[in-house]
Each structure stands twice: as C-alpha cells, then as structure tokens.
Amino acid sequence: MMRTGLSKPMAAALSDGLLHAGLSVFDYGCGRGGDVLRLSALGYDVTGWDPDHAASSPRREADIVNLGYVVNVIEDPFERVDVLRSAWSLARQLLVVAARPDWEARHVKGRRHGDGVLTTKGTFQKFFKQDELRSWIDTNLGARSIAAAPGIFYVFRDDSRGHQFLASRVRHGRSTGQTVKLSETLRDADRSLLDSIIRFTMERGRLPDPWEVSNDAEIYEAFGSTKRALAIVRGLIDEADWKNARETAQDDLGVYLALAAFSGRVRYSDLSDDMQLDVRALYGTYKAACDAADKLLFSVADQSVLNSACMSASFGKVTPEALYVHVSALSRLSPVLRVYEGCGRTLTGAVDSATLVKLNRLGPKVSYLAYPTFDEDPHPALLASIRADLRRLHVKYTDFSESSNPPILHRKETFVPVDYPGRSKFARLTLQEERAGLLADTATIGTRAGWQARLDQIGVQLGGHRLMREKQQ
C-alpha cells in the first residue's frame with residue numbers, strides 16, 4: 001500500500017501530542033517506509049523494519065513503536081500474538097497498535113479463510129471489532145490499552161503516563177471564556193509575564209507551584225520572587241471568576257477520574273506531581289476525589305438521570321430520542337453528560353471526523369455523526385456515523401457516502417452554543433424557512449430528496465444561507 005501522508009495511527013499520535021522532539025520511533029512492519037520518510041522529514045529519529053521491504057534493517061528499541069495495520073494481515077493467530085508481543089518488547093514508552101475495523105470488510109472481495117478473509121488479490125485480512133481488538137491487545141500483553149480512534153489503540157509502558165494522556169483529553173480544547181483585567185498600574189512587560197500564570201490558574205482552578213512557572217527567571221527579575229507574582233495574580237482575580245475557574249477545574253478532574261475507572265485508576269503516589277497538586281487543591285484528598293468521581297460514574301448508569309441532563313442542557317437539539325450537540329462544545333456540557341460521552345469515546349476512541357454527537361435518551365448509546373460541510377452547507381448531508389452501544393460494547397459504522405438520498409440537517413443553530421461562529425446566520429435562515437412554511441412537515445424533509453421536493457412545492461430555492469423565490473420562466 002502506498003500512502004501520500006502519515007498513516008492514521010502516526011497521525012493520531014502526532015495530533016494527541018505523543019510524538020514530540022527527542023523521542024525515537026520504530027515502525028514495526030513499515031511496508032515501503034512512508035511513515036519513516038515523513039517522520040524523518042519532520043525531524044524525528046525514526047527507523048523501520050519490514051519482512052518484505054526492509055528485512056535487513058535491525059529491529060530496535062524505541063520510545064514509541066508503531067505496529068500499524070500489521071496484525072490484520074497475519075494469517076496465523078499464534079504468529080499474530082508473537083508479533084504483538086515482539087513489538088511491545090521494543091517499546092520503551094508507548095506502543096501504537098492499529099488494525100482494520102470490522103466495518104471495512106464489506107468493501108473487500110474474497111472468501112472466508114480462518115478468522116479472516118482471503119482476498120481476490122491473494123492477501124489475508126483479519127477485521128477486528130473495536131472491543132475485540134482492545135481485548136486481544138490487553139489479554140496478550142497483560143496491559144490496559146486506551147482507544148485512540150476506531151481501530152487504533154495506545155499501550156503505555158507506564159500507567160501514570162497513560163492517565164496523564166486521559167486527563168489531557170478531558171481538558172483539551174476547553175476554554176473558560178474568562179478574562180482577567182490587569183491593573184493599569186502594571187507595566188506592559190509585567191502584564192505579559194503574568195499572562196501565562198493567569199492562563200494556568202484559570203484552567204487548573206489553582207495557582208501554580210513555583211516549579212510550574214515556565215518563565216520563573218523573568219518573573220523573579222520583574223517581581224522579586226515567584227511567590228510575590230503569584231500573590232499579585234491571586235489579587236487580580238475576583239471571587240466570582242476564581243470560584244468559576246475552581247468549579248470548572250473540579251468538574252474536569254471529576255470527569256477524568258470517572259472515566260479513568262475503565263482503565264484502572266492509579267494510586268495517588270503514581271499520579272504526576274501536577275495532578276497531585278490538582279487533587280489536593282480541588283478535593284482535599286484523593287479518596288474524596290475518587291468518591292465524587294464514582295458517584296458521577298454511577299449516575300450515568302441511571303437512564304432517568306441522563307434523560308434529565310439532556311433535557312436541561314443549555315444548548316443542543318433535543319428530540320424525543322436524543323440530545324444532539326456540536327463536538328466543539330462538548331466540554332461545556334454538564335459533568336454527567338461529559339462522562340456519558342466519554343464512555344462512548346472510551347469504546348470508540350476519538351472520532352476526528354465527527355461534527356455532532358448524539359446522546360441517546362432512551363438507551364446507553366453514543367453516536368458520532370460526520371457532516372463535513374456543516375458550516376458551509378445550509379442543510380448538510382450525513383456522510384457517516386459511528387455508534388457506541390455501551391450495553392453491548394459494540395461499535396457500529398454506517399456509511400452514507402454513496403447514498404443518493406442521505407439524511408440532512410435543519411435548524412443548525414440548535415446544535416451549537418450561542419457564541420458559535422455563524423450561528424446568527426443559521427438562525428436567520430431557519431426564521432426565513434419557518435415563515436415560508438418549509439419546516440412544518442417534519443416527516444418528509446429529513447432527507448435530501450424530501451427536502452428538495454418541499455422546496456419545489458413552495459417555489460423557493462437556497463442561495464447559501466438565504467432563501468429566495470425561484471425565478472419565473
């Protein structure tokens with residue numbers, strides 16, 4: 001197989017911040033060496049080995065080992081396990097394992113052979129269900145893997161590093177939306193120096209320890225001591241902002257600890273130093289933090305609690321079946337809904353193509369829906385969906401890319417928070433469509449063909465996010 005970009009597992013590791021300068025990478029089963037070439041061009045210390053294309057290259061230890069789409073082409077189940085364990089033995093920090101998910105089997109022609117398919121090209125392919133791949137990795141390595149994406153898993157050598165990664169996922173992309181007004185008596189240079197401390201404080205709900213201040217030397221020169229600078233920052237933040245930052249950070253930590261139960265929470269002493277400080281500042285003790293997280297996690301098992309949380313969400317579209325929300329604002333949901341969505345992501349991994357998340361109100365199911373033209377198209381079509389059934393631990397993929405009549409969206413402003421770019425434009429179009437009577441018949445307008453028929457019936461057409469009367473012939 002020839003690729004024009006990084007493979008999905010290496011692109012995921014790069015996006016997740018796991019690939020960074022100074023780390024070595026070994027591509028176990030590198031094929032024609034596409035990832036080796038591209039990572040080398042990016043400045044990484046990377047080598048690869050492949051039985052067909054790079055058999056003379058040594059198999060070596062590295063900080064990160066990539067076993068990408070290798071195990072799925074190995075016909076012998078015992079050899080498959082040997083290769084997994086061999087790759088794991090070389091990984092000093094992280095093993096990335098990727099295999100083809102079961103829904104791709106429908107696109108492969110061939111006949112059943114062993115536990116896979118012998119393709120018409122004469123190659124073998126084993127397709128894995130998401131939880132099957134996780135279980136296979138965990139059982140054969142005696143470790144707990146973390147779903148990075150559909151068909152991609154991370155196995156950390158050190159559990160604490162895995163938990164740091166999970167915690168970063170909870171905080172990643174969250175913006176408190178808070179600003180702190182700096183005193184006019186501060187020089188511009190001093191304001192700039194304090195910015196990083198303020199950002200840290202508003203994100204973590206606590207002041208940093210001196211060792212957590214990256215520009216400590218400059219702070220010391222400007223303010224006499226880091227301790228004095230921290231005291232100034234604390235004085236700049238009013239009590240309402242401080243309380244809000246603390247509560248938000250407490251929610252983040254609670255959501256992380258609730259979801260960490262799936263991979264086994266580490267001991268307090270094994271938490272990173274900064275996370276230990278978070279626990280002490282926000283909960284007092286690790287036991288208190290875990291007790292709160294358990295209560296949060298158990299509440300997700302109560303469908304009535306989930307339903308109530310969906311109904312009271314401050315944004316998102318509520319239907320008789322589910323709450324639909326835009327992925328950009330998941331961190332603004334209540335903690336119980338964040339854990340609900342997190343349970344789905346624990347099963348599927350991050351679904352980068354997702355635009356909306358569907359949180360089912362009737363049963364424990366979380367769906368990730370891809371609408372790639374959401375912002376540009378007034379009524380975007382559904383390209384694909386990935387549904388995590390939390391009761392059956394099953395992941396289902398549905399492809400609409402070749403459908404001539406896919407489902408489409410209406411009332412886009414209902415899916416997003418009030419400050420979403422373009423929301424006013426979405427809402428203006430909805431008002432125009434309501435006045436024209438286009439949205440009254442919800443039974444027929446949910447598909448592209450049904451919607452077009454309704455437009456023709458009323459005698460209107462769309463020009464971007466504006467409704468216009470059809471020109472008379």
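Tutor: Two strands pair if DSSP finds at least two bridges between them. In this predicted model, β12 and strand β13 (residues 365-370) are joined by four bridges and run antiparallel.

Student: How many residues lie between β12 and β13 in their hairpin?

Tutor: Four residues separate the two strands of that hairpin. Within the pairing, leucine 359 stands opposite valine 366 in β13.

Student: Which strand pairs with β12 over five bridges?

Tutor: In general, strands of a sheet pair through backbone hydrogen bonds, either parallel or antiparallel. Here the partner is strand β11 (residues 322-326), in the antiparallel sense. Opposite lysine 358 in β12 stands tyrosine 324.

Student: Are the faces of β12 covered or open?

Tutor: Both are covered: Leu356, Lys358 and Asn360 are buried on one side, and Val357 and Leu359 on the other. Five of the five residues in the strand (356-360) are buried.

Student: Which residues touch the most other members of the largest nonpolar core?

Tutor: In soluble globular proteins, nonpolar side chains tend to be buried together. This core has 72 residues, and those touching the most other members are Leu19, Tyr154, Tyr256, Leu337, Val339 and Leu359. Helix α9 (residues 239-260) supplies the largest share of the core, eight residues. Another core, of 28 residues, lies apart from it and includes Val83, Leu84, Ala99 and Ala143.

Student: What is tyrosine 154 in contact with, leaving aside neighbours within four places in sequence?

Tutor: Its contacts include Ala12, Ala13, Leu94, Val96, Ile146 and Phe165.

Student: In what order do the strands of the six-stranded open sheet stand?

Tutor: The order is β2-β1-β3-β4-β9-β8, with mixed pairing. β2 (45-49) and β8 (146-149) are at the edges with a single partner strand each, so one side of each has no neighbour in the sheet. On average, neighbouring strands of this sheet are turned by 25° against each other, direction ignored. Inside the order, strand β4 (residues 91-98) and strand β9 (residues 152-156) run antiparallel and share five bridges. Valine 97 has phenylalanine 153 in β9 as its bridge partner.

Student: Which strands does helix α5 lie across?

Tutor: Helix α5 (residues 159-171) lies across β4, β8 and β9, at about 50° to β8. Helix α1 (residues 8-15) lies across β1, β3, β4 and β9, at about 55° to β9.

Student: At roughly what angle do the axes of α12 and α13 cross?

Tutor: The axes of helix α12 (residues 303-311) and helix α13 (residues 335-348) cross at roughly 115° and come within 9 Å. That makes α12 roughly perpendicular to α13. The crossing is left-handed. Among the residues that meet there are Leu306 and Ala309 in α12, and Leu337 and Tyr340 in α13.

Key. Residues numbered from 1 in each chain as written. Predicted model: local features only at pLDDT ≥ 70, side-chain atom pairs only at ≥ 80, totals over all residues. Heavy atoms only, no water. Buried < 20%, exposed > 50% of the residue type's maximum accessible area, 1.4 Å probe, protein only. Core = buried A, V, L, I, M, F, W, Y, C linked by side-chain atoms within 4.5 Å. Contact = heavy atoms within 4.5 Å. Axes fitted to C-alpha atoms, helices over the stretch in contact; angles between N-to-C directions. Parallel < 35°, antiparallel > 145°, perpendicular 65-115°, else oblique. Left-handed = near helix turned anticlockwise from the far one by under 90°.
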